[in-house]
Amino acid sequence: MAALDRADTFIVDVPTIRPHVLAMATMHSQAMTIVRLVDGDGVEGLGEGTTIGGLSYGEESPESIKSAIDTYILPVLEASDISRVGETMARINACVRGNHFAKCAVESALLDMAGKRLGVPVSELIGGGRVRDTLPVAWTLASGDTARDIAEGEQMLAERRHNIFKLKIGKRAVRDDVAHVGAICKALGDRASIRVDVNQNWSEPQARLGMAMLHDVGCDLVEQPTAGDDIAAMARLSQGQTIPLMADEALHGPRSALRIAEAGAASVFALKIEQSGGLFATAQVAAIAEAAGLGLYGGTMLEGSVGTAASAHVFATLPQLDWGTELFGPLLQTDEILAEPLHYADFALSVPTGPGLGIALDEDKIAYFRRDRDGPRLHAVTTGA
Ligand SMILES: O=C(O)C[C@H]1C=CC(=O)O1
Ligand SMILES: [Mn+2]
């Protein structure tokens, strides 16, 4: 039996190392909603709820994640035995609909505490347990400028940090975007895998043209070219094109995963712990993909180190992770909020080995970056597309 003793939910704004240009927003900083739970024995659990560009990516914002946790989820935790993670999450699911990002942050904190109590990493508490200690990590080239992207890619290859690159497209005309991708494939493509993410910004005819052209210039994968809620269009594209289509925004947990798999609407799933509704739900999405013969990729919502560590623990349980991961979120930020940063080397991220998530916050950094600190504030800065 464990009872909740203290909880703190706060938003942390950390600048990005350069503007990050996506089809729907340009990021200059990242806002992470961190939840810290402490039980009666002083065991602490951490979770993170993070999205991209305020409300421009999905239906939850940093502020709504905090409000859902404080107003509706904490009262459930106060009345629960929080050592029983599955039961506690079932109680939360019974009285809070949707709000997957908020639930994921809380489930992550509960699993962090459970792992610490049991003396095992969170990865041993998910699915069949941990099967790998390192994860291949992609980097997103999204400066908005082709020459700068190529220089950045060269630097990542020289440092042996990344040899998988995702390009954010969908903002410009299809042919201009393909020219940008083609130039990067030509410069880096024999030493790296180049993929694109359209973030739903193409119509079906644009996607038909774009996917065919992208295949011809040497691109390996197209992520969410069209609207995530139009499964029929995704199925037509996925079955009619040679280049593989990866589902991202279309995936919201096991039910949507089953619908997409049944419809043949993707050949790869981008797994995201927040979009799926938590770490357990992500493992269920992965199981559906594996049963359907689909490829797996470990996705990110550009979380900082807490959410990235939680994602890494889930992805470390997957025997087949054919497309690698993109768990580079902490590297996009100017400052690290962990006492000891996550370890990136040789094109891979090391999955933490300590009990729970295996991480601890840097309290000085948190005091400085939390939005509700005293003194001058850095507000999340995001410009529209
Ligand atoms: O996949 C997305 O849409 C979100 C994200 C992942 C990498 C990146 O740069 O943005
Ligand atoms: Mn995506």
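1. Start with the shell around ligand 1: 16 residues surround it, where a residue counts if one of its heavy atoms lies within 4 Å. His-20, Thr-140, Lys-166, Asp-197 and Asn-199 are the closest. Keep in mind that this is a predicted model, so local features need pLDDT of at least 70 and side-chain atom pairs pLDDT 80 or more, while totals for chains, interfaces and linings use all residues. Numbering runs from 1 along each chain as its sequence is written, ligands are numbered from 1 in the order in which they are written, and side-chain values use heavy atoms, leaving out hydrogens and water.

2. By type, the shell has seven charged, five nonpolar and four polar residues (Asp, Glu, Lys and Arg are charged; Ala, Val, Leu, Ile, Met, Phe, Trp, Tyr, Cys and Pro nonpolar; the others, Gly among them, polar). Domain 1 (4–120 + 363–375) and domain 2 (125–350) each supply at least three of the shell residues; the bounds come from an automatic or database domain assignment.

3. Oxygen atoms of ligand 1 make polar contacts (N or O pairs within 3.5 Å) with side chains: Asp-197 at 3.0 Å, Lys-168 at 3.1 Å and Glu-223 at 3.2 Å. The protein covers 100% of the 280 Å² of accessible area that the ligand has on its own (Shrake-Rupley, 1.4 Å probe).

4. On the cysteines, don't look for disulfides: the whole structure has zero, taking sulfur pairs within 2.5 Å. Cys-95 has its closest cysteine sulfur in Cys-104, but at 17 Å that is too far for a bond. Cys-219 is in no disulfide either, with the sulfur of Cys-185 5.7 Å away.

Terms used. A polar contact is a pair of N or O atoms within 3.5 Å; within protein, one must be able to donate a hydrogen and the other to accept it, and residues adjacent in sequence count only if both atoms are side-chain atoms.
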